[in-house]
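Work through the exercises below with the model open. Try each task before reading its solution.

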Amino acid sequence: MRVVRYHEHGDPSVLRVEDAPEPEAGPGEVLIRAEAIGVNYADVQKRQGLPIGGPVTLPAAPAGDVAGVVEAVGAGVTGVAVGDRVVAPVRYGAYAEYATAYAATVFPIPAAIDAAQATALPSPGETAYHVLTTVGRLEPGETVLINAASGGIGHLLVQLARAKGAGRIIGTAGSPAKLDFVRSVGADVAVCYGQENWVDEVRAATGDKGVDLVLETVGNEVLAHSIRLAGRFGRIVCYGGASGERPPAISPWDFIDMKSLHGFNLYALFQDRPEVIAAGRKELLEYVESGQVTPVVYSRIPLQEAARAHELMEARKHTGKVVLIP
């Protein structure tokens with residue numbers, strides 16, 4: 001089969017399509033014949049050599065979310081059968097024609113969407129759900145600020161916030177060209193955080209009260225400003241750092257109005273709170289089936305052009321998901 005690997009860190013050209021044996025499903029695993037593979041920005045950063053989630057052992061094969069048909073199941077697997085159409089996060093070797101995944105992480109592909117759209121459900125979708133609900137504790141009527149709202153996770157966050165009754169949704173994006181998209185998926189206000197006056201625009205949209213909940217994944221000064229945009233008793237959830245840059249110094253005085261800052265790690269939930277994962281997965285699928293949440297696919301790129309997919313992600317011009325097609 002074909003698989004994409006890299007033997008050194010660098011620009012997208014280090015991604016190589018290689019031949020490899022088809023993997024086998026081990027105990028507790030399923031083997032998936034891929035129809036679509038979701039590309040996540042964290043794996044772009046790992047290829048660049050950034051220490052996202054710990055060091056990478058070379059040669060490496062990117063992670064991703066794989067949608068397709070179950071070809072085999074390993075020992076002890078129940079609830080998933082050969083022939084099922086599923087999507088699952090794959091932590092190594094996702095950019096391939098076949099991949100193995102833990103059966104406990106498998107989603108059925110909802111009838112309302114296709115395989116490419118389904119790649120948005122495991123890593124991006126579950127992150128969006130739990131950032132907003134489990135950690136962010138969004139209450140109906142609250143104002144929420146969603147940074148990078150045009151991205152693979154961000155556009156799902158906007159839709160989920162609307163479905164869960166947010167009062168006012170403010171979405172930011174890195175360029176003016178993305179603002180119409182942010183509004184199209186449900187934001188009340190769209191602001192470009194690349195412009196100097198973006199903080200003033202957000203504050204004006206709250207009537208100078210600040211937001212109740214900030215969902216942040218950019219890092220650098222965007223995180224620092226976002227903390228200050230939270231109102232009294234505001235919660236800030238940091239679930240990534242797409243800029244790759246550390247924020248300016250944050251002072252304890254930034255939290256003086258009973259604000260709180262939270263981190264997020266999806267795999268910690270998988271390992272320690274499986275019951276929370278199961279409940280969230282059920283509700284997320286209900287939102288998709290009802291049409292309240294619809295993943296958007298920006299581009300479907302052939303597997304052998306994985307480097308082009310990474311180039312597109314690095315250029316930050318996409319909205320929604322970038323997907324590889326074997």
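**Exercise 1. Compare the span of helix α9 with its expected span, then find its buried side.**

Step 1. Helix α9 covers residues 274-290, which is 17 residues. Helices here are DSSP runs of H or I with at least four residues, strands are runs of E with at least two, and both are numbered from the N terminus.

Step 2. The expected span is 1.5 Å times one less than the number of residues.

Step 3. List the buried residues (under 20% relative accessible area; exposed is over 50%, partly exposed in between; 1.4 Å probe, protein chains only). In α9 they are Ile 277, Gly 280, Arg 281, Leu 284, Leu 285, Tyr 287 and Val 288.

Step 4. They cover an arc of only 155° around the axis, so they sit on the same side of α9. The arc is taken from the directions from the helix axis to the C-beta atoms.

Step 5. Look for the cover, with contact meaning heavy atoms within 4.5 Å. It includes β7 (107-108), α3 (121-135), α4 (154-163) and α8 (266-272).

Step 6. Check the residue just after α9: Gly 291 has a positive phi of about 85°.

A note on the source: this is a predicted model, where local features need pLDDT of at least 70 and side-chain atom pairs count only at pLDDT 80 or more, while totals for chains, interfaces and linings use all residues. Residues are numbered from 1 along each chain as its sequence is written, and side-chain values use heavy atoms, with hydrogens and water left out.

**Exercise 2. Explain why the structure holds zero disulfides.**

Step 1. Apply the criterion: a pair of cysteine sulfur atoms within 2.5 Å.

Step 2. Start at Cys 192. The closest cysteine sulfur is in Cys 238, 20 Å away, which is too far for a bond.

Step 3. Cys 192 is buried, at 3% relative accessible area. Cys 238 is partly exposed, at 24%.

Step 4. Conclude: the count of disulfides is zero.

**Exercise 3. Is strand β5 enclosed or open, and which strands pair with it?**

Step 1. Count burial. Five of the six residues in β5 (85-90) are buried, so the strand is largely enclosed by the rest of the structure.

Step 2. Pair β5 with β4 (64-73): antiparallel, six bridges. Gly 64 has Val 90 as its bridge partner in β5.

Step 3. Pair β5 with β7: antiparallel, two bridges. Val 86 has Pro 108 as its bridge partner in β7.

Conventions. Pairing = 2+ DSSP bridges.
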